Structure formats: structure tokens, C-alpha cells
Amino acid sequence: MTVEPGETRALLSGMHVVICDGAMGTMLHSAGIALDQSLGELNLSRPALVRDIHRAYLGAGAQLLQTNTFDSNRLRLARAGLQNRVSEINIAGARLAREAVELSGTSAAVAGSVGPPTGAGLVPRISPAERSSAVREQIAALADWVDLIVLETFGDVETLASAAEIARGECDLPIVAQLTFGYDGRTLRGEEPEAAAAVLGRLDIAAIGANCTVGPAVLQDVVAALARGCDLPISVQPNAGSPRRRGGTLRYAHNVDYFATAAGQFVANGASIVGGCCGTTPAHIRAMANALAGRAPLARPRSATPDPARVRAVATAAEPIARNAWLGHQFAVIAGMRAPRDVDLAGFLEQAEQLVAAGVDQLAIIDPDPPAARVNPVAAAVLLQQRLGDRVILQVEAADRSLAGLQADLLGAHALGLHVVVCRAGAPYVAGAYPEADSPWGVDAARLVGTVAGLNEGLDWRGVPMNSRTRFSIGASLDTAASDRERELDGVEEKVRAGADFLLTEPIYDVPAARESVLAARQRGIEVPIIAGVAAFENAVAVARLSLETPGTSLRAPEYARDPIALVLEVTALLGDLVCGLLVHAPARPDPSSNT
């Protein structure tokens with residue numbers, strides 16, 4: 001049953017309360033779909049499952065269905081190798097929603113769901129033109145198959161307004177534009193809802209609203225503020241609340257009655273389109289539909305438009321520093337130190353002072369200790385910077401960390417003056433049993449590099465614009481002892497594409513092999529500066545651990561249990577023309593708790 005364009009506009013006019021559907025992803029995951037699987041691809045591989053979920057929402061009372069296409073633009077689909085199937089996936093998603101409506105015999109409208117062009121985990125070295133193109137391509141694929149376009153879960157006004165303008169250029173369908181807000185009642189970029197509404201209210205769109213991230217409690221005030229900020233109809237689709245991870249699933253609160261009450265409050269605050277987002281189910285939508293049966297929207301007085309200048313634009317930072325200016329024009333000698341394991345920092349500072357007095361050009365915090373109590377590497381690096389006045393290099397490891405946590409450390413480090421970082425994958429910690437090697441919170445080195453590059457471009461780890469930019473010089477690792485050299489160089493190329501400004505080798509023991517690896521990198525066109533790392537074997541155990549227990553290495557013991565001074569001289573002689581510096585790992589200080 002096709003909805004005429006005029007009927008869709010009437011539906012969204014604000015003259016009637018419209019019940020929207022709830023979460024698609026939550027329902028798919030509850031059916032056994034993995035959290036990391038492309039949900040849009042299921043339009044092709046599991047069409048009956050997607051169609052049945054739409055029908056369940058229609059049976060619960062939904063008058064507006066959103067297609068299963070939130071993640072179906074070229075940039076997001078590329079993570080699953082599906083970037084060339086954008087039209088196919090989006091059209092299939094629209095047809096499944098349309099088929100569900102026809103099978104139900106209702107007159108529900110079908111909305112093409114379009115999310116932000118990039119999201120968490122995507123390398124943010126994507127130009128604005130590429131992001132705009134991805135949005136345009138997706139909307140063009142949906143436009144002939146849906147009744148309206150819903151732009152949802154956008155974290156800032158600028159990106160949402162841009163997407164709305166693209167949509168208006170591609171079709172004449174009604175457009176609903178939804179921002180997502182945090183627990184502070186502001187957008188992810190920090191914009192106030194009333195001022196955001198003033199900007200969006202000037203666009204040629206049918207409605208504005210809020211969805212995702214938080215539950216009804218926060219969004220009640222957000223809806224009221226949006227209603228004060230413009231005269232457009234207001235939509236709201238809250239999450240069921242904050243999820244909790246249990247194994248490979250996300251669990252939400254069972255709060256159907258709460259949603260029924262919240263629905264009435266949303267309408268009283270000015271909303272006329274009400275539905276759900278993550279964690280909500282057909283039961284939530286049925287409760288909301290029953291609670292709002294026969295309910296008329298709030299009669300809203302004409303809004304006094306607030307100053308849209310309160311919506312901040314991305315600040316243009318001071319001219320970024322030359323990425324590798326800290327290396328200078330001469331061969332750099334860098335001393336690598338471990339963050340101390342004890343709170344008495346006197347010995348740590350004394351060692352640093354001795355290294356500076358010996359003539360090193362830079363200090364670096366490297367080689368985190370095994371899982372044990374230790375000083376945060378950021379704190380150790382800041383302490384060195386403040387005490388010694390020299391630029392300090394900070395090594396950041398991704399293993400067992402989330403992008404959100406890593407970003408917090410990086411922003412703190414930058415604010416305290418640390419502007420040179422080396423991004424490494426690291427190894428998962430073993431704490432008594434087994435490492436969670438497949439932890440969903442794990443981040444690889446390329447994603448970490450991309451996150452730091454994004455901060456330099458004014459984008460946070462989710463792809464949301466910030467109000468300032470960092471000025472990091474970004475390093476990444478190169479393992480010259482990798483048994484599969486081509487695969488290693490493939491990874492290095494990926495890190496350079498993600499934004500690495502220089503490379504730091506893992507400690508070199510086989511110097512001729514290291515020269516071959518560096519030459520191979522240059523032959524591939526990897527032209528960023530390279531710093532050679534050198535670390536002396538401390539004992540036979542260290543030799544065996546590195547050569548015989550580390551996967552993917554071609555190093556063999558005891559051939560490379562080398563005299564450290566001779567090793568440094570050989571590295572300098574054979575690699576000096578290919579590298580711009582040398583990082584020598586300083587010997588570990590004795591454990592203060594030991595009696596030896």
C-alpha cells in the first residue's frame with residue numbers, strides 16, 4: 001500500500017501524534033546476529049528476518065517504519081568489503097520495509113534510514129568530499145523506494161545540516177533530521193538543543209528531533225528545548241537506557257511501562273513523532289502506542305528564535321606544527337625509558353637526568369611493564385617534560401583499550417604539552433588466565449593512528465567534529481624481524497595511510513635483515529622518516545623469549561645475543577643512510593622491592 005507524498009507530509013505535519021518503530025539492531029542481535037556484523041548486509045542474506053522485525057513493529061502499532069540501512073553508506077560498508085553494493089543493499093532494505101507494510105495491510109510510511117557517513121572505528125583520514133559523496137550515494141539509492149528520509153544519530157549540527165542539504169539536493173521527499181545527545185543534554189559536540197534547533201529550523205526539512213545514546217530521562221528536557229527553538233514538528237526516539245555488556249551481547253533494562261509513561265511526557269513537552277532506538281522492542285512500541293491512543297499533540301506557540309551563533313563552529317586551530325620538526329636536521333639520538341613501577345620517582349628522574357647529561361636529544365617513554373602496579377605512562381612523560389624541559393615521546397599501546405579511553409589519555413597528554421606519540425598495537429595482558437585477545441574493546445594500531453590523525457583534523461573517535469584540533473606528530477611501528485615481510489609492510493602502509501608521520505622500528509638485532517626491510521619499505525613508496533630502535537638483550541631468558549616465544553619473528557637465538565655497543569655501531573654504520581635517528585632502550589632500573 002503506497003503512501004502518497006502529500007499523505008506523508010500530512011503525517012509529519014505535527015497535527016497528529018505519529019508512532020515510529022523501535023530498534024532494528026537490538027532485534028537482529030537478539031536473533032543471534034554478531035555485534036560486529038554489517039546489519040545492512042542482512043537485507044540480502046537474511047531478508048525474511050529483517051522483514052519479520054518490520055512486521056512485528058507494525059503489529060505493535062508503528063505508523064512509520066525505518067529501513068535497515070543506517071550503516072549502509074559506502075564508507076561504513078567498506079569495513080565488510082561491501083562498498084560496491086551500496087545501491088543493492090539500500091534498495092533491498094527499502095523493499096523489505098515496503099513488503100512488510102503491504103503484508104500488514106496498513107498505510108504506514110517507509111523512512112529511509114541514513115546515519116552519519118563515518119563512525120567509531122573508521123579511520124578518519126576521509127575527506128569532507130568523500131563523506132558528502134557517501135551520503136549522496138546512499139540517499140540517491142533510497143529516494144525512489146521510500147516515503148521520506150530520516151537522518152539519524154548525528155553528533156553535531158554542522159554534519160547534520162550538511163546531510164540535510166545533500167538530501168534536499170537529491171530528492172523532494174520530506175526529511176526528518178535527528179541529533180543525538182549525551183547525558184549533559186548537549187550534542188556529542190557540546191551544542192545546546194535550543195540553539196541547534198534554531199539552526200536546523202531554517203532548513204527545508206519536515207521535522208527535527210533527537211534519538212539514540214540516552215534514555216527518556218535526559219531527552220525529556222531536550223525535546224522541550226528543541227520545541228522552544230523552532231516551529232518544526234519534533235521527533236524523539238530514546239534508547240531503552242544504558243546497555244551492559246554480557247559476553248558477546250548487550251543487555252538493556254526491561255522498562256516497557258516506563259516507556260509508556262515517558263511517551264505521554266514527550267508529547268506534553270512538544271514531540272509529535274515518538275518511537276524508540278537501541279534496546280527498544282515491539283513491546284516498547286506497543287506500550288507507547290497504547291498510551292498515546294487518541295492523544296493530540298501539544299499546541300505550541302510560535303517559537304522565539306534563539307541566537308544560532310550559540311551553535312559553535314569548529315575552531316580553526318593555529319597553523320599546525322610541521323609534523324616532524326622535532327627531529328631537526330641532524331641524526332637524532334633518543335633514549336627510551338620505562339614508566340616506573342613504584343611511586344618513588346627519584347630514581348626514575350635521576351636516570352633521565354643522567355641520560356640528558358650524556359647528550360641524548362630526546363627522551364621516550366617506551367616498553368610498558370608487565371601487568372603490575374605502575375605509574376601511568378602519560379604521567380611519567382609529563383613529569384619528564386616538566387622537569388627536564390626536553391620534548392618527550394610517548395608510546396601509546398592499543399591492546400585491551402577502548403578508543404574512548406585512549407582518546408581521553410591522548411587529549412590529556414596533548415593539553416599537558418606532549419605532542420609526539422608512537423602508536424603500537426601492543427600485546428593483550430595475561431592476568432592469571434587467558435588474554436581476551438578477541439575483546440570487542442581491542443583496537444589495532446592502524447585504528448589508533450587514525451584516531452590520533454582525526455584529533456589533528458578536529459574529529460573525535462566517533463567522527464564527531466570537536467571545537468579544537470590537536471597537533472600530534474604520529475609515529476607507528478615497523479618490525480624488521482617479521483617472518484612475513486610483505487604482510488608487515490602491508491600493515492605499515494595501512495598505518496601511513498591512516499596518518500602516521502614517522503616510523504619507529506622494533507628493536508633491531510639482525511642489522512643486515514633490518515636494512516633489507518627498510519629498503520623494501522622505501523621501494524614500496526613509504527617515504528616517511530624512520531627511526532631505528534636498539535635494545536640490548538639483558539639475559540638468556542630475554543633472548544629465548546623474543547626469538548622463540550614471539551610469533552611472527554624470524555630472529556633466532558643465540559646468534560643475536562649481541563654486545564650492545566657493537567650493535568649500536570653496526571646499526572649506525574649499516575642503516576645511517578636510511579634512517580634519521582636512533583632510539584636506544586635504556587637498561588631497566590633495578591626493582592626497588594628487590595633485595596638484589
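Visitor: What share of the 596 residues in the chain is buried?
Guide: Buried residues account for 52% of the 596, where buried means under 20% relative accessible area, exposed over 50% and partly exposed in between, using a 1.4 Å probe and protein chains only. Please keep in mind that this is a predicted model, in which local features need pLDDT of at least 70, side-chain atom pairs count only at pLDDT 80 or more, and totals for chains, interfaces and linings use all residues. Residues are numbered from 1 along each chain as its sequence is written, and side-chain values use heavy atoms, leaving out hydrogens and water.

Visitor: Thanks! How many helices and strands does the chain have?
Guide: The chain has 20 helices and 18 strands. These are DSSP runs numbered from the N terminus: helices are H or I with at least four residues, strands are E with at least two.

Visitor: Let's look at a helix pair. At what angle do α15 and α16 cross?
Guide: Helix α15 (residues 403-415) and helix α16 (residues 445-456) cross at roughly 50 degrees, and their axes come within 11 Å. The axes are lines fitted to C-alpha atoms, for helices over the stretch in contact, with angles from 0 to 180 degrees between N-to-C directions. The two helices are therefore oblique to each other; under 35 degrees counts as roughly parallel, over 145 as roughly antiparallel, 65 to 115 as roughly perpendicular, and the rest as oblique.

Visitor: Which residues meet there?
Guide: From α15, L403, L406, Q407, L410 and L411 meet R447, L448, T451, V452 and L455 of α16. By class, this contact has seven nonpolar, two polar and one charged residues. Here Ala, Val, Leu, Ile, Met, Phe, Trp, Tyr, Cys and Pro count as nonpolar, Asp, Glu, Lys and Arg as charged, and the others, Gly among them, as polar.

Visitor: Switching topic: where does D501 sit?
Guide: D501 lies in the loop between α17 (485-498) and β16 (502-505).

Visitor: Is D501 buried or exposed?
Guide: D501 is buried, at a relative accessible area of 13%.

Visitor: And what is D501 in contact with, beyond its neighbours within four places in sequence?
Guide: Its contacts (heavy atoms within 4.5 Å) are R323, N324, F472, S473, I474, V528 and P529. As for N324, its C-alpha is 7.1 Å from that of D501, although the two are 177 residues apart in sequence.

Visitor: What about the chain as a whole, how many of its contacts join residues at least 24 apart?
Guide: Among contacts between residues at least 6 apart in sequence, 81% do.
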